[in-house]
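Please keep the sequence and the model side by side while you read, and find each residue in both as it is mentioned.

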Amino acid sequence: MAKKILKIVGIFLLVSVVALAAAPFIFKDKIKSMVLKTINENVDAKVAFTDVDLSLLKSFPQANVTIEELSIINKAPFEGDTLFYSGELNLKMSIKKLFKSENETMNLESFSSSNAVINVILTKMA
């Protein structure tokens, strides 16, 4: 009886680890489109990034979304000025947030950046 229980628990753990490792490949396009859509709706600028990766194991039990080479370039009146650039931007959120619909807001637990440059531009108020 004990061997049967250990076998069932072992199979369950193996399936869970495989599912956590495979999920980023399944959700990658959804995450990439959600990131681009969310940024474009909230920022009046040109947004570009090279890749988006999702990891469910890196910061378990939370999901970790990594955006590589994110740049936000301003539109008029300061057209062409880079407002924000990051070599790598890491966002941590609850795994449940990945299953929300596109209309619901997504709450972040934390974020970090490496090789970031922020350019703040102010206009003179009349």
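Across the whole structure, a search finds 1 salt bridge, a term that stands for a side-chain nitrogen of Lys or Arg within 4 Å of a carboxyl oxygen of Asp or Glu. The side chains of aspartate 44 and lysine 75 form this contact, at 3.9 Å from N to O. Aspartate 44 sits in the loop between α1 and β1 (45–48), while lysine 75 sits in the loop between β3 (62–74) and β4 (82–94), so the pair ties together parts that are 31 residues apart in sequence. Aspartate 44 is exposed, with a relative accessible area of 58%, whereas lysine 75, at 35%, is partly exposed; here buried means under 20% relative accessible area, exposed over 50%, and partly exposed in between, using a 1.4 Å probe and protein chains only.

This is a predicted model, in which local features need pLDDT of at least 70 and side-chain atom pairs count only at pLDDT 80 or more, while totals for chains, interfaces and linings use all residues. Residues are numbered from 1 along each chain as its sequence is written, and side-chain values use heavy atoms, with hydrogens and water left out.

Helix α1 has 41 residues and reaches 56 Å from its first C-alpha to its last, close to the 60 Å expected at 1.5 Å a residue, the expected span being 1.5 Å times one less than the number of residues. A kink of about 55° is centred on phenylalanine 27, the bend being the angle between axes fitted to the seven residues ending there and the seven starting there. Phe27 is also one of the buried residues of α1, which include Ala23, Pro24 and Ile31, and their cover includes β1, β2 (51–59) and β3.

Strand β3 also holds alanine 63, which at 0% relative accessibility counts as buried. Among the residues that alanine 63 touches, not counting those up to four places away in sequence, are Leu54, Leu56 and Lys92, where contact means heavy atoms within 4.5 Å. Alanine 63 and lysine 92 are 29 residues apart in sequence but 5.7 Å apart in space, C-alpha to C-alpha.

Finally, consider the backbone angle phi: most residues other than glycine have a negative phi. Glutamate 69, however, has a positive phi near 50°; this residue lies in strand β3 and is partly exposed, at 43% relative accessibility.

Definitions and conventions: Helices (H or I, at least four residues) and strands (E, at least two) are DSSP runs, numbered from the N terminus.
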